[in-house]
Amino acid sequence: MLGAHWHDQARYDYLRNAIPAELGWEYLRRNRRYRDEQRACADLSPDDPAQAEFARRWGPRFRRRS
């Protein structure tokens, strides 16, 4: 996250009352490997074996926005 102000506490105030799923998302969205694999699976059908492997490796599944 080049140029990000990660040390600026005010930017993370919203996490003070975050539930575990929200904290998990904050971790995943910063993980380059997760982002790369998610992008590779983005256009695959839900029944594609690569989708199952992605889910097995990372756990959560997030529906695509319509």
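How are α2 and α3 oriented to each other, roughly parallel or roughly antiparallel?

I noted first that this is a predicted model, in which local features need pLDDT of at least 70 and side-chain atom pairs count only at pLDDT 80 or more, while totals for chains, interfaces and linings use all residues. Residues are numbered from 1 along each chain as its sequence is written, and side-chain values use heavy atoms, with hydrogens and water left out.

**Helix pair.** I looked up helix α2 (residues 32-41) and helix α3 (residues 49-58); their axes come within 10 Å and cross at roughly 160°. Helices here are DSSP runs (H or I, at least four residues), numbered from the N terminus. α2 and α3 are therefore roughly antiparallel to each other, a term for angles over 145 degrees on a scale from 0 to 180 between N-to-C directions.

**Contact.** I then listed the residues in contact (heavy atoms within 4.5 Å). R33, Y34, E37, Q38 and C41 in α2 meet A50, Q51, F54, R57 and W58 in α3. These residues divide into 5 nonpolar, 2 polar and 3 charged.

**Aromatic rings.** I checked ring pairs (centres within 6.5 Å; planes under 30 degrees apart are stacked, over 60 edge-to-face, the rest tilted). The count comes to 3 aromatic pairs. W25 and Y34 are edge-to-face, at 6.5 Å centre to centre with 80° between the planes. The rings of Y34 and F54 have centres 5.4 Å apart and planes at 35°, so this pair is tilted. Y34 lies in α2 and F54 in α3, so the pair ties together parts 20 residues apart in sequence. I recorded W25, Y34, F54 and W58 as one aromatic cluster.

Terms used:
Helix = DSSP H or I, 4+ residues; strand = E, 2+ residues; numbered from the N terminus. Parallel < 35°, antiparallel > 145°, perpendicular 65-115°, else oblique. Nonpolar A, V, L, I, M, F, W, Y, C, P; charged D, E, K, R; others polar. Phe/Tyr/Trp six-rings, centres within 6.5 Å; stacked < 30°, edge-to-face > 60°.
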